[in-house]
Amino acid sequence: MQPGVVFAQDYQYMCSEAGQNIIKDAIKTHGLTGVVVCSCSPRMHEATFRKAAAQAGLNPFMVEIANIREHCSWIHKDKEEGTEKACVLMRAAVAKVTLNAPLKAGESKVVKRALVIGGGIAGIQTALDIADAGFPVDIVEKNATIGGRMAQLDKTFPTLDCSSCILTPKMVEAKANENIRLITYAEVEEVSGFVGSFKAKIRKKARFVKEDVCTGCGVCMSKCPSKKGLNEFNMGLNNRSAIYIPFAQAIPNVAVIDKEQCIKLKTGKCGLCQKVCTAGAIDYTQQDEFIEEEYGAIVMATGFRPIDASKFDEYSYSTCKDVVTSLELERIMNAAGPTGGVLLRPSDGKHPHSIVFIQCVGSRDVSGRGKPYCSKICCMYTAKHAMLIRDKYPDVEVHVFYIDVRTPGKNFDEFYRRAAEQYDVDYIKGQVGKVYEENGQLVVRGVDLISNEQIVLNADMVVLATAIEPDPTARKVANMLTASIDTNDFITEAHPKLRPVESPTAGIFLSGVCQGPKDIPETVSQAGAAASKVIGLLAKDKLTTNPCVAHSDELLCNGCSCCEKVCPYSAISYETKLINDHGVKETRRVAMVNEALCQGCGACTVVCPSGAMDLKGFSNKQIMAEVDAICL
Amino acid sequence: MNYSYYPGCTLKTKAQELDRYGRESAKALGIGLEEIDDWQCCGAVYPMVRDEIATKLSAVRTLMAARDKGQKLVTLCSACHNVLTRVNNDMRTDEYIRSRANNYLDPAVPYAGETQVIHYLQLLRDELGFEQLAQAVKNPLKGRKIGAYYGCLLLRPSKVMAFDDPENPRIIEDFVRALGGTPVVYGMRNECCGAYVTLKDEAQARVNVERIIANARSQGAEEIITACPLCMYNLKKHQDGSMPVRYITELLYEALGLKEADANADE
Amino acid sequence: MQMSEKDVAALVKEISGSDVKKCMKCGKCSATCPAYGEMRFHPHQFVAMVARGRVEELLKDPTVTRCLSCFACVERCPRGVEPANVVAAIRVLAEREQEGNNFSPADVPKLLSQDPEIPQQALVSAFRKYRK
Amino acid sequence: MQRVSERVIARARELMREGTVNKVAGWKAGEFFYDCAPYVFESEESLKDLVYDRFCAANLSKYMIKNSVAAGAEGGKVLVLLKPCDTYSFNQLLTEHRIARENVYVLGVGCEGMCDIDRIREKGFKGITGVDENADGKTLTVHTLYGDGEVAIDDVLVNKCEFCKGKAHMIFDELISDNEDEGPRGDRFAGVRELEAMSPADRFAFWQSELSKCIRCNACRNACPACSCRKCVFDNDASGIASKANTDSFEEKMFHIIRAFHVAGRCTDCGECTRVCPQGIPLHLFNRKYIKDINEFYGEYAAGAEAGQRGPLINYTVDDIEPAAVSDKGGN
Amino acid sequence: MSVNADWKPRIVAFCCNWCSYAGADLAGSSRLAYPADVKIIREPCSCRVNPMFILKAFERGADGVILCGCHPGDCHYSTGNYYTRRRMALLFSMLDYIGVERGRTRVEWVSAAEGAKFSRVMNDFVAQIRELGENVKVGDLRCKE
């Protein structure tokens with residue numbers, strides 16, 4: 001037995017009630033001053049065991065975990081070697097725990113306001129739920145209107161109800177709710193602070209239209225002579241004026257001037273919109289504004305975009321107008337879209353007779369061109385498109401090339417089968433290798449793996465189910481929030497199963513596709529989950545802080561300010577005070593750590609030349625003891 | 001600027017025009033092409049199985065010769081370009097192949113893929129510049145509707161060849177534009193013409209050629225240009241002659257006014 | 001010593017440098033293959049059969065030489081499997097096994113008399129392709 | 001140096017007499033003429049022992065930590081004599097808030113290089129009784145029991161002066177100097193480069209042989225202006241590195257490596273460590289390695305060139321060199 | 001290289017709690033094996049790793065030390081790993097300078113999602129240390145006879 005160890009017990013499920021009782025009983029019976037649990041990762045059950053220790057009257061920070069599962073038994077095939085390593089890890093934990101000191105958590109304040117970054121369905125739903133609980137919420141949306149991707153969709157699966165019909169009421173509610181402040185056409189620039197009290201700086205871009213004055217009448221749009229801007233809402237399939245309201249149901253229903261397109265802003269001449277605006281809302285001199293606000297919690301709801309289909313030009317997306325992405329098809333099918341909802345092929349506006357859908361364009365692709373993950377929503381929306389087309393235009397032949405049809409979800413497979421069986425959509429198991437134009441039609445060369453034949457189809461349109469990727473702002477925002485992000489730029493959860501809507505960074509929550517591909521119902525339920533986590537946080541008056549914070553020994557401090565300079569939280573300040581150094585009284589400049597601000601990174605401890613600065617719970621001595629024990 | 005130049009065997013025999021037009025045009029453009037001394041055939045086909053090293057050695061010798069001259073290596077034939085680029089990549093990235101090839105050749109300085117292999121078209125685009133080229137054009141190819149035929153060898157595998165977007169290449173179209181012609185984009189321009197089986201399976205090669213030519217024609221091409229002697233042979237052989245096929249260098253030669261000069265000289 | 005079918009399959013994987021396990025069976029290789037109609041087995045079948053260790057039939061198939069080595073399948077494979085390398089490995093092994101010289105210098109004069117335009121390159125590559 | 005010396009001593013007296021300062025930190029000759037040690041003079045009378053000659057190599061800036069505070073407590077000021085190289089240390093200590101600047105009067109003193117008695121002895125002189133600087137300013141007359149001899153100053157400079165950083169003072173309240181700044185003397189990284197060019201095994205052998213001479217007398221630590229912690233980590237049990245018991249050899253083995261890291265980015269290359277080492281260990285080769293690396297990785301940086309600089313180890317840029325890339329640089 | 005046939009490398013891995021330790025957990029739950037010679041010490045942030053810890057490990061006979069943290073720019077504490085990067089660049093250069101082969105020290109950025117990378121890095125590092133053999137040197141570096 002290791003020195004200092006007086007009791008050891010093997011039990012299979014230490015985290016169970018019974019297991020915890022073993023720990024509690026041992027603490028009481030043997031008067032233990034420290035506990036080492038050799039088990040799974042401390043990231044999993046450290047809190048459990050600490051709580052158990054506390055219940056038995058031991059300071060919870062007198063517990064250490066030796067991770068002999070994730071870091072040992074699960075990866076080492078050789079039992080003997082693994083056991084040997086487990087012993088070493090245990091020895092290190094024992095060495096550490098003997099140097100542990102009881103720690104007491106401090107308290108910090110909770111600002112009772114939340115920030116939601118992104119105003120799509122995820123952000124809107126999260127904000128509505130938080131607001132309903134009585135807490136103020138700000139939604140920061142980078143576009144001129146909230147609504148996000150869902151506003152662009154025509155119908156939703158598997159119910160086929162109209163997307164904007166179910167979204168618009170939520171948008172209106174977000175506007176009307178007095179606890180919600182919409183900050184549109186704005187981006188978060190800087191975030192500092194930590195859970196309970198983040199500080200954010202938000203840049204509200206100049207709209208050149210006074211938001212509180214504009215009535216949204218739209219006269220300016222009809223009079224604007226610059227009409228060459230690509231209509232982003234319609235995926236660039238048609239044009240819009242330089243001054244525009246993104247779409248009819250936009251919230252706020254306020255115009256915005258695209259400064260790249262506006263003749264007045266570029267040349268100083270024109271000014272027509274100002275002349276026709278009876279409300280007097282146009283202001284060409286408007287500047288970006290900054291809003292600074294404190295928040296207790298922040299929700300990321302930054303959403304997604306489809307990948308660039310021109311990376312897969314074997315499908316001729318760049319060269320053939322009649323090859324479109326699924327999101328473009330949504331706009332073509334939508335009554336508010338460029339064709340007024342009539343299915344017409346883009347090249348010549350003619351009615352198509354044959355449409356080929358290609359699934360998994362850029363999804364499940366590890367070649368470097370696409371994304372390694374399944375985009376999850378494509379099988380269902382393709383079935384939806386196929387079904388809607390067959391329903392509205394029974395003369396149109398629809399073929400779908402698929403690798404697998406993935407339809408887990410309530411009524412999802414039934415939906416897909418309806419497309420195939422009831423609507424006679426031709427599902428072909430196989431992929432398309434090439435699409436090209438010939439004699440005014442598209443030639444699609446694919447394979448049918450079931451009949452083992454290469455097939456060549458003539459089509460009037462080809463629809464690419466392009467993979468989705470996190471919105472490019474996600475990485476920037478995540479970095480600002482110090483939320484971890486994975487190799488695909490999806491935000492990492494605190495735990496993939498048990499804490500799916502929280503980031504490992506306390507106070508940062510995840511809503512919608514920024515966490516991983518998901519459909520609308522999943523997004524809405526995740527949005528609600530994130531909101532409930534936020535509400536739980538904001539409902540508290542105080543937060544207990546991490547007691548593993550830096551601490552400076554006054555007697556050793558040189559007053560050199562090195563620590564102050566590397567602290568990311570400005571948690572260290574200097575004070576000139578009278579120090580009694582073993583009987584010698586002297587006025588010295590010494591470092592003081594604000595424990596409420598310190599997050600315990602330890603950067604200060606290493607730059608401190610005298611070793612005055614140390615980190616509770618991860619002290620120099622403790623880590624040295626671990627090193628010693630490992631290298632024994 | 002001077003470059004090492006690797007013509008390859010076909011340019012010395014059946015594709016002499018490709019070579020001559022290329023050299024003369026380069027000269028007219030002020031580009032120095034120095035033929036590598038004592039070059040050997042590159043092997044024409046990149047050996048795809050990993051345990052074949054010997055068949056890559058002649059390419060390594062050529063690459064080393066350019067390295068020793070401190071010059072970039074310019075190729076013209078698509079097949080040579082493919083073989084040299086890929087073998088060079090092996091020498092740069094594959095320790096297994098590099099060590100064996102160096103052991104076998106035992107050069108004074110071991111070769112590790114230092115040479116930069118560029119195709120004649122890249123020479124024009126990246127070293128000279130298509131804008132510069134356009135200014136040198138004396139006889140713009142006005143009104144000519146030209147379909148570029150890339151084939152496979154210049155483009156694939158794109159990770160190694162890094163020639164252009166493998167699915168939507170633009171370099172030959174830009175080249176045609178620089179010469180004053182009208183490029184015609186057609187989907188089959190990067191599909192294989194079947195030249196690899198042209199000796200033994202003519203029917204198969206014919207199917208491929210017909211597809212390509214039909215597609216080019218449907219999109220409005222009136223002539224096709226290529227950089228590959230084998231494609232040239234194949235594309236000519238399996239059609240009725242209604243679709244002219246020319247080398248890229250011939251077009252260049254013509255646009256630079258050199259063909260006219262030849263004709264005048266003949267008179 | 002006679003190699004087992006499984007060993008040959010392992011050899012195919014090794015000399016092709018292709019990781020056939022990465023295949024997700026989407027069929028894009030076969031969808032894009034310009035020689036599809038000429039070959040008894042198609043690119044996705046080569047990959048699948050090698051993965052399962054079934055190479056004997058592939059080695060016996062004379063239409064393996066119809067592969068154009070155009071690399072369309074390699075370029076477009078979403079999983080980086082490189083089916084053309086697998087086909088090439090099968091062809092090379094078949095030629096090695098049969099001492100198979102399917103093209104001889106003696107054939108050249110006849111070919112050239114039929115078509116004097118045949119470029120050097122075609123002959124060199126034919127030697128590469130059809131001979132051990 | 002004679003002229004400067006006289007002016008310096010006279011000025012020190014004057015400042016004391018006027019009451020501008022009530023203390024003078026300077027050098028006092030010890031038992032032997034070459035034994036000029038730092039000394040704080042507290043009266044005008046005592047200043048008769050103040051010397052400033054070719055053997056006043058000691059860097060006085062470190063003494064200002066205690067004395068500036070003490071002077072303040074007494075309501076006075078302390079005069080410190082700083083040679084050009086010493087001013088870097090002084091600035092660095094100001095940066096680290098170690099010196100009460102308002103209580104210090106800095107008299108910058110010109111310097112033409114300090115001499116190393118051991119190097120004079122190495123020239124074959126025995127029974128040295130005194131040394132006089134000749135009028136040419138380039139040679140010394142060495143008086144010995146056996147008669148006089150001559151030696152070139154350049155041949156007997158202490159290491160730090162051999163690689164003098166320059167004749168310019170980085171900080172002063174008043175300056176007494178006839179020197180024009182000629183910039184640095186010699187290539188101070190030559191020694192580092194030489195080591196870098198060796199094989200890892202040879203480098204290890206070199207350091208093993210050098211460091212095995214160490215007797216842990218702490219002279220380097222005591223002289224070093226950067227090593228001015230109130231309590232050194234090696235003396236602090238809680239640091240986990242101090243060796244109270246002989247069973248732990250960590251401190252023994254790693255003392256110099258840790259010390260070098262502790263002063264990295266803060267060391268001004270004042271050269272005191274090497275100068276005071278009784279065993280002649282070239283400790284500056286550690287410090288100069290860090291300085292050279294810092295210059296190469298993060299751009300030229302001279303600790304103490306200015307007060308208030310942000311040191312390279314408490315700074316970063318987002319595109320700093322990766323440690324992996326570093327290992328491919330330098331060395332063999 | 002090593003004369004001792006029973007020799008097994010002793011490797012200390014310092015991992016930050018937020019990225020690399022979680023990455024190691026993911027490697028574990030994904031059963032991505034690496035040699036048992038690697039022992040992980042958990043730190044709040046890579047910037048908590050004092051060079052003294054590394055020197056201590058070497059002095060105690062470690063054959064290799066690897067430090068893993070969040071990717072630069074992704075630090076949980078926003079800037080910690082930037083300081084780590086500088087410190088370790090200088091420390092490793094110094095260790096090389098005193099004759100500790102460069103291959104024995106390494107910094108890797110491993111995110112919480114990179115279980116596969118964690119395993120790959122550890123396999124690679126252990127292989128490298130095995131190649132270098134036993135590290136007897138630092139233990140022998142005496143400052144005092």
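1. A residue counts as buried here if 20 or more other C-beta atoms lie within 10 Å of its own, with C-beta atoms placed from the backbone. The model is predicted. By that cut-off, Ile248(B), Thr249(B), Leu251(B), Leu252(B), Tyr253(B), Glu254(B) and Ala255(B) are buried in α12(B). The helix spans residues 248–255 of chain B, and 7 of its 8 residues are buried, leaving α12(B) mostly covered.

2. What lies over α12(B)? The cover of its buried residues includes α2, α6 (120–128) and α9 (171–178) of chain B. Strands β7 (223–226) and β8 (245–247) also take part, as does α13 (258–266). After α12(B) comes Gly257(B). The phi of Gly257(B) is positive, near 80°.

3. Chain B has two domains: domain 1 covers 2–120 and domain 2 covers 129–266. Their centres, taken over C-alpha atoms, are 23 Å apart. The contact between them involves 22 residues of domain 1 and 18 residues of domain 2. On the domain 1 side, α1 (9–12), α2 (16–28) and α4 (78–93) each supply at least two residues. That side has 9 nonpolar, 9 polar and 4 charged residues.

4. Turn to chain A and its helix pair. Two packed helices are described by the angle between their axes and the distance between the axes. For α5 (residues 121–132) and α14 (residues 520–538) of chain A, the axes come within 8 Å and cross at roughly 40°. The crossing of α5(A) past α14(A) is right-handed.

5. Which residues of α5(A) meet α14(A)? They are Ile121(A), Ala122(A), Gln125(A), Thr126(A), Asp129(A) and Ile130(A). Their partners in α14(A) include Ile520(A), Val524(A), Ala527(A), Gly528(A), Ala531(A) and Ile535(A). By class, the residues of this contact divide into 10 nonpolar, 4 polar and 1 charged.

6. Which chains do not touch? Chain C and chain D are one such pair, with their nearest C-alpha atoms 29 Å apart. Chain B and chain E do not touch either; their nearest C-alpha atoms are 17 Å apart.

Notes: Residues numbered from 1 in each chain as written. Chains lettered and ligands numbered in written order. Predicted model: local features only at pLDDT ≥ 70, side-chain atom pairs only at ≥ 80, totals over all residues. Contact = placed C-beta atoms within 7 Å. Axes fitted to C-alpha atoms, helices over the stretch in contact; angles between N-to-C directions. Helix = DSSP H or I, 4+ residues; strand = E, 2+ residues; numbered from the N terminus. Left-handed = near helix turned anticlockwise from the far one by under 90°. Nonpolar A, V, L, I, M, F, W, Y, C, P; charged D, E, K, R; others polar. Domains from an automatic or database assignment. Buried ≥ 20, exposed ≤ 12 C-beta atoms within 10 Å, placed from the backbone.
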